[in-house]
Amino acid sequence: LLGGALLLPSCATMGGSASPAEVRRLETAVAQQPGHVASLTRLGAAYRSAGRLEDARETLERAERLQPGTGPVALYLGITYEQLGDLPRARRLYEAYLANGRSESMKRTIRQRMPTVQRLEMYVAIRDALARDGVEVLIRPSAGAVDNLRILKTSTDIDLGFVQGGIANEPESTDLMLLGSMYVEPVWIFHRLPGPAPTRLNALAGRRVAVGSAGSGTQLLALQLLGLAGVPIDAANLLMSDSQSTADALLAGEIDAAFVVGAPEAPAVRRLLDAPGIALLDLAHADAYVRRLPHLTALTLPAGAIDLASVRPAADVRMLGATANLVARADLHPAIVSLLMLAARDIHGQPGLFQGIGEYPQLRTNELPHSPTARRFLDSGPPLLQRYLPFWIAVLVDRLLVALLPVIAVLIPLLRIAPALY
C-alpha cells in the first residue's frame, strides 16, 4: 500500500522552538550542574523544540531517573516519546503528569490529547502489522469521522479511513466498501439531574445538554437519539463542545447532561465516572433505539464493572454503542484487504468491558457494500495460501495460478486428443 493513507484525528505537537543560543546556554548550565533536575528538564524541552528528539529523550530520561514522577519531566518526556512514535510510553507519562503535574492548563491540554494518542496507538499497530509484510501505511491527519468520509469520497490519495457507524448511508456505493466494524465505542450519557434517576431521553428536554463538537460523529448521534425521543434538536440549550470542555462544564454545574462517545479509558469518561454527583443515564429503551438505528448496538455496563470494591455502578446500566467501521476505496487490492483483516483480528479481537474475545471485527451493518474479501475472511479465515506462505509469496503464487488457469483449460482438451493424433 505504498503511498496509501489511514485517516486519523489530527494531533499537533506542543511548544515553540528554542534558539541555538538558548540551547547552548542550557547545555552550559547542565555541564556545571549535571544532577540538577530542573536544568536537565529545561535542556530536554529545548532539544525537543529544536527537533533534536534523541538528545531530548536521553536528557529527559536522565532527569526521570534522578527524580521519578516529576510533573514537568513526565510532560516533556511524554511529548518526546510521542514524536518519536513510542506511544505506549507517551501515554503512561501523560497519565503520570495528570497525577502529579501542577499546571491545570497543561493538564487540560493533555486530557484533550489523550484520546488522540490512544487512537493513534491503534492505528500505528495496524501500520506496524502491515509493515512486517512489506506494506507501507501512511497515517494522515483529519478532523474526525465525518471528515474521514468526506475525504474518502473526494480524494484519490486516501485508501482507508475509520468512520463511525451511522455516518455513511450508501448501501449501493460504487466507490467505497466496508471492511468491517472494528470495535464498539460506548455512548455515555452523563447527567446531574435532581430527583429520581431518569431512564428516558425526554427527561433532557429543556435542559442544558452538551452534544459533542460541531460536525463530529458524537453530535450527529446525539441529535439522532434526542430527535427519536421527541426532544427538539434545534433548541438553544443543546451545546456543542469537545469531550474535555464538556466534562469541565458538567463538573462545574454549567450544564445538566452530556453525550460522550469514547472508550472507558478516555480521560473525559474516567473523570465523569469517578466524579461525585455525576450519574449515568440508564436507558430503558435501548433495544428500541437499536431497532430504529440499526448501526447502533445495545450494551450493558454491569454493576461493579467500574469499581468492584465500592460496586460502581450500583446496578446494571443499559447503554448504546456506536461501531467504528473501517472503510476502504472499492479498488483496494484484495491481498491488502486480507492483510488488513489479519491485523484487525489480532488487534481488535481481544476482550474488553463491552465485548467478548473474537467478537470483533464483524460485518453486520449495510451502510456500505461489504468487501467480498473481508466477508470471506470473517466466514472462513485467511486465504489458504496466506495461512502457510509469506504474504508476498502467497500473492505471487495466487497471480501465477490466475495466469495459468486459462492455459490449463486449453491444454486439457489438447492432451485428450493428442494420443489419437499420434
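The model is predicted. Across the whole structure, a search finds 2 cavities of 30 Å³ or more.

**Second largest cavity**

- Val187, Ile189, Leu281, Leu283, Arg318, Met319 and Leu320 line the second largest cavity.
- Strand 4 and strand 10 are the elements that give two or more residues to this lining.
- Strand 10 has the largest share of the lining of the second largest cavity, with 3 residues.
- By class, the lining of the second largest cavity has 6 nonpolar residues, no polar residues and 1 charged residue.

**Largest cavity**

- The largest cavity holds about 40 Å³ of space.
- Its lining is made of Val163, Gln164, Ala168, Leu178, Asn325, Val327, Glu367 and Leu368.
- At least two residues of the lining of the largest cavity come from each of strand 3 (160-164) and strand 10 (317-329).
- The lining of the largest cavity divides into 5 nonpolar, 2 polar and 1 charged residues.

**Second largest pocket**

- The second largest pocket has a volume of about 330 Å³.
- Its lining counts 19 residues, and those that lie nearest the centre of the pocket are Ile278, Ala279, Leu280, Pro313 and Ala314.
- Strand 4, helix 10 (267-274) and strand 8 (279-280) each give at least two residues to the lining of the second largest pocket.
- Helix 10 provides the largest share of this lining, 3 residues.
- In the lining of the second largest pocket, 15 residues are nonpolar, 1 is polar and 3 are charged.

**Aromatic pairs**

- The structure has 4 aromatic pairs.
- One of them joins Trp188 and Phe190, which are stacked with 6.1 Å from centre to centre and 10° between the planes.
- Trp188 counts as buried because its relative accessibility is 0%, and Phe190 is buried with a relative accessible area of 1%.
- Trp188 also pairs with Phe354: the ring centres are 5.9 Å apart and the planes are at 75°, so this pair is edge-to-face.
- Trp188 lies in strand 4 (residues 176-191), whereas Phe354 lies in the loop between helix 12 (334-348) and helix 13 (372-380), so the pair ties together parts that are 166 residues apart in sequence.
- Phe354 is buried, as is Trp188.
- Elsewhere, one aromatic cluster is formed by Tyr123, Phe162 and Tyr183.

**Helix 9**

- Helix 9 spans residues 243-251, and its buried residues include Gln244, Thr246, Ala247, Ala249 and Leu250.
- An α-helix has 3.6 residues a turn, so residues three or four places apart point the same way.
- The buried residues of helix 9 pack against helix 6 (104-131), strand 4, strand 5 (209-210), strand 7 (257-261) and helix 10.
- At the start of helix 9, the backbone nitrogen of Gln244 has a side-chain oxygen of Asp242 within 3.0 Å.

**Strand 4 across the topics**

- Strand 4 supplies lining residues to the second largest pocket and to the second largest cavity.

Notes:
Residues numbered from 1 in each chain as written. Predicted model: local features only at pLDDT ≥ 70, side-chain atom pairs only at ≥ 80, totals over all residues. Heavy atoms only, no water. Phe/Tyr/Trp six-rings, centres within 6.5 Å; stacked < 30°, edge-to-face > 60°. Buried < 20%, exposed > 50% of the residue type's maximum accessible area, 1.4 Å probe, protein only. Helix = DSSP H or I, 4+ residues; strand = E, 2+ residues; numbered from the N terminus. 1 Å grid on protein atoms, 1.4 Å probe; cavity = no way out; pocket = protein on both sides within 12 Å on 5 of 7 lines; lining within 4 Å. Points joined across faces, edges and corners; volume = space filled by probe spheres on them. Nonpolar A, V, L, I, M, F, W, Y, C, P; charged D, E, K, R; others polar. Contact = heavy atoms within 4.5 Å. Polar contact = N/O pair within 3.5 Å; in protein donor to acceptor, adjacent residues only side chain to side chain.
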